[in-house]
Amino acid sequence: MLFLIALLLAIFVLPSPWGVITVVVALIIDLVEVGVGLWYSKRRKAKVGTSALVGLTGVSLGTLGPEGQVRVNGEIWRAHCESSCEAGTEVVVRAVDGLTLEVEPA
């Protein structure tokens, strides 16, 4: 955007040597801005998918004996717990099997 503004200034407003200097400086600033934006976006990888749930904690919404539902990160998931858990118990996700979370009490 800065480059376009500088180009319009160079064509319509500024005299000959200053117009070229303005366009070159704006182009350099624009390239640096794009480079910094690309560097910033590649700093860390996004965590997506069900594998990102492993290790998170949640709360059981009902009795897990052994099947039930848990809330993890504001989402309600079907869960399977080997040991029985009462409603409101904090659980930790240990594995994901399809759309069912394998959990255990925290």
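Predicted model: local features only at pLDDT ≥ 70, side-chain atom pairs only at ≥ 80, totals over all residues.
Me: Let's start with helix α2. How do I check its length, and what span should its 26 residues have?

Reply: Count 1.5 Å a residue and compare that with the distance between the ends.

Me: Which residues of α2 are buried, and what do they pack against?

Reply: Look for residues under 20% relative accessible area. In α2 those are Gly19, Val23, Ala26 and Asp30, and they pack against α1, residues 2–12.

Me: On to the strands. Which way does β3 run relative to β5, parallel or antiparallel?

Reply: Follow the bridges between them. β3 (residues 75–81) and β5 (residues 100–105) are parallel, joined by four bridges. His80 faces Glu102 of β5 across that pairing.

Me: And how many bridges link β4 with β5?

Reply: Six, this time in the antiparallel sense, with β4 covering residues 90–97. Asp97 is opposite Thr100 in β5. The β4–β5 hairpin has two residues between its strands, and Gly98 there has a positive phi near 65°.

Me: Is Thr100 buried or exposed?

Reply: A general idea to keep in mind: side chains in a regular strand alternate between the two faces of the sheet. Thr100, which belongs to β5, has a relative accessible area of 13%, so it counts as buried.

Me: What is Thr100 in contact with, leaving aside neighbours within four places in sequence?

Reply: Arg78, Ala79, His80 and Ala95.

Conventions:
Residues numbered from 1 in each chain as written. Heavy atoms only, no water. Expected span 1.5 Å × (residues − 1). Buried < 20%, exposed > 50% of the residue type's maximum accessible area, 1.4 Å probe, protein only. Contact = heavy atoms within 4.5 Å. Pairing = 2+ DSSP bridges.
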